[in-house]
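Me: I would like to learn how to read a structure like this. Can you take me through a few features?

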Amino acid sequence: MTIKHHLNEKLLMSYAAGILPEAFNLVVATQMSISDEARARLASYEAIGGGILEETEKVEMSPNSLQDVFNKIKSAKTKKFNAPKMVEGVFPEPLKKYAGKELGSVKWKNIGRGVKQSILKTDSDASARLLYIPAGTAMPNHSHNGLEMTLVLKGSFHDEKDLFKRGDIEIGDQDLHHNPTASNDGPCICLVASDASLRFKSIIPRLLQPFFKI
Amino acid sequence: MLDLPDYINQDFEVPDRYSMIPLCSKGILSKVIIKNEINSADHWAKCILSVSSEKDEEAFSSLFTHFAPRIKSFLMKSGTGAIIAEECAQETMVTVWHKAHLFDPTRAAASTWIFTIARNKRIDAARRNNRPEPEDLPWGNDPEPDASDIIIIQEETTLLAQAVKDLPSKQRSIVERAFYADLSHQEIADETGLPLGTIKSRIRLALQRLRHNMK
């Protein structure tokens, strides 16, 4: 699947290095499962990690470590690591562990004007949620205190910058002040991760913010 | 042909049986002889394939001897204590054994693949939570890989490692500290003058192949 909006280089490197909070990892892993091109881009950064590992000077392992490892291998319940299959559903594999098997199993909460969300459980360094925006509906105008990643899973939305379809990621930071609106042809479902609360322009969403954890 | 640094062409002692092994357990590639193209990165890839196809304990032992002390060191540089680092390095190698059949030498060098396993063990150990893992997914619409893809990806990875080594020391240190989890993603984002474009241009095989196939 061809997508237009990818992660930037610094975020790819951060993901490859393993220094992103869990919520962002989830968004990145989900996008990688939708787009082979996104994975190919990531591959270069993981190769840097391989190079650094290769260059690291050795620290001696304990004397019996190899035997210990063989014992662990032999005592392991013959756990089969089958490669997961690429399935054409709305939820790619990594997301299923957080959001349930399919769209129908999500427990949504209304947050006004037909918009619904479902908070996903991750560690507290950043938060992740699914967002359901009815066709043609605009999200309140907002900017961001920290980093926000929005990955489209179904439908599309547009804002001042561009149109975002399934697999596209929009990166929100201090500089992005936007008014995302779901396209008219159907609801838009997104996976959103954020490490800071949003700054809404108008007072009503601001007052509701503590209740909706956004 | 790529302009290769000398060390790639240096002789590397490889047991005879590695000169002719099935390159892909899926049977996509049959037996391929790569006698003159041996380099160390290639050697480790073959060891993993040997573990996968023959449960080859000797190949695994040599992988262990080479990688386990480096994984332990890498984890200790990432702030992990020696005992946990030892345990994680062992766990990483156990996973190498169990997941050997998922290693695809046309997509990643051995060191890259082992790095991703070690990185995920580090995250698991530090946070005691799950890391979403996309890396085992098969590639969609995969064309028949060519034997030369394997050599190229191993060689490009070596070149990339060299490119990182050749960076000015300040920049090199930033990249290394990111991988040792000594910098946060905000610190990376705020960093100006990181030569990521230069680095990433060194390894693009996967991307090029993908684009070629989409035409």
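**Reading the model**

Reply: We start with chain B of this predicted model. Residues 24 or more positions apart account for 71% of the contacts in chain B that have a separation of 6 or more.

Me: What secondary structure does chain B have?

Reply: Count the elements, then read their order. Chain B has 10 helices and 2 strands. From the N terminus, the order in chain B is α-β-β-α-α-α-α-α-α-α-α-α.

Me: Is B:Lys72 buried or exposed?

Reply: A residue counts as buried if 20 or more other C-beta atoms lie within 10 Å of its own. B:Lys72 is buried because it has 28 C-beta neighbours inside 10 Å. Of the 215 residues of chain B, 41% are buried.

Me: Where is B:Lys72 placed, and which residues does B:Lys72 touch, leaving out those up to four places away in sequence?

Reply: B:Lys72 sits in helix H3 (residues 57-77) of chain B. With that exclusion, B:Lys72 touches A:Val59 and A:Met61 in chain A, and B:Ala85, B:Glu86 and B:Ala89 in chain B.

Me: How many bridges join strand E5 of chain A to E8(A)?

Reply: There are 4 bridges between E5 (residues 148-154) and E8 of chain A. In one pairing, A:Met149 has A:Ile171 in E8(A) as its bridge partner.

Terms used:
Residues are numbered from 1 along each chain as its sequence is written. Chains are lettered from A and ligands numbered from 1 in the order in which they are written. This is a predicted model: local features need pLDDT of at least 70, side-chain atom pairs count only at pLDDT 80 or more; totals for chains, interfaces and linings use all residues. A residue is buried if 20 or more other C-beta atoms lie within 10 Å of its own, exposed if 12 or fewer, and partly exposed in between; C-beta atoms are placed from the backbone. Two residues are in contact if their C-beta atoms, placed from the backbone, lie within 7 Å. Two strands pair if DSSP finds at least two bridges between them.
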